[in-house]
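Student: Could you take me through one part of this fold up close? I'd like to look at a single sheet and then whatever else can be tied to its strands.

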Amino acid sequence: MGFFDKIFGSKAAATKFSGQKMTVMLPIDGKVIPLEQLPDETFASAILGPGCGVEPTGDTVYAPFDGTVTQVPESLHAVGMMSDDGIELLIHVGMDTVEMKGQGFTSLTKEGAKVKAGTPLLKVDLEAIRAAGHPTATALIVTNADDLPEMQIVGGGIVAAGAPLFKFEK
């Protein structure tokens, strides 16, 4: 910790984890599941792009990389992001949760915000999602994979937010 950090406080304390180049970190605590196991045909068939699912155990969605928040719908059930190195990611919490019209979700960011990996983006009430009759399975979709180097899923099992999930390598 440097002199100015001691006087003014370190900004790094606001983030839960650090990012890695050309890597998507897991944005929420949970169990990583294959894309095809998501209970929604649009996500499971990779129509929107490749990725995976997470059965969340945590209640906070964090920025999975350094980048910009590109989309926060009024229903607050999803966040779109663009990494500083060109990865476009959709984080869609729960299935059919758009129908909840924001109930059970609290946005901690806004469109256009520049964020660091580990910055809290969204608070999620998993019990409210279940009570509304929706699966809590969360889709993590790379929507511009055709424009990127080959994607490898490197994370799996029960993991904490901040664990490397996807890497892009030539």
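**The sheet around S8**

Tutor: Strand S8 and strand S10 (residues 120–124) run antiparallel and are joined by 3 bridges. Within that pairing, Thr 106 sits opposite Lys 123 in S10. Before going on, a word on the ground rules. This is a predicted model, with local features needing pLDDT of at least 70 and side-chain atom pairs counting only at pLDDT 80 or more, while totals for chains, interfaces and linings use all residues. Residues are numbered from 1 along each chain as its sequence is written, and side-chain values use heavy atoms, with hydrogens and water left out. Helices (H or I, at least four residues) and strands (E, at least two) are DSSP runs, numbered from the N terminus. Two strands pair if DSSP finds at least two bridges between them.

Now zoom out to the whole sheet. It is open, has 3 strands in the order S4-S10-S8, and its pairing is antiparallel. S4 and S8 are the edge strands, each pairing on one side only. On average, neighbouring strands here are turned by 20° against each other, direction ignored; the axes are lines fitted to C-alpha atoms, for helices over the stretch in contact, and angles run from 0 to 180 degrees between N-to-C directions.

Rings of Phe, Tyr and Trp (its six-membered ring) pair if their centres lie within 6.5 Å; planes under 30 degrees apart count as stacked, over 60 as edge-to-face and the rest as tilted. That rule gives 1 aromatic pair. The partners are Phe 17 and Tyr 62, with ring centres 6.1 Å apart and planes at 70°, so they meet edge-to-face. Tyr 62 belongs to strand S4 (residues 60–62) and Phe 17 to the loop between helix H1 (3–8) and strand S1 (23–25), so the pair ties together parts 45 residues apart in sequence. Both are buried (under 20% relative accessible area; exposed is over 50%, partly exposed in between, with a 1.4 Å probe and protein chains only): Phe 17 has 10% and Tyr 62 has 15%.

Most residues other than glycine have a negative phi. Lys 101 is exposed, because its relative accessibility is 70%.
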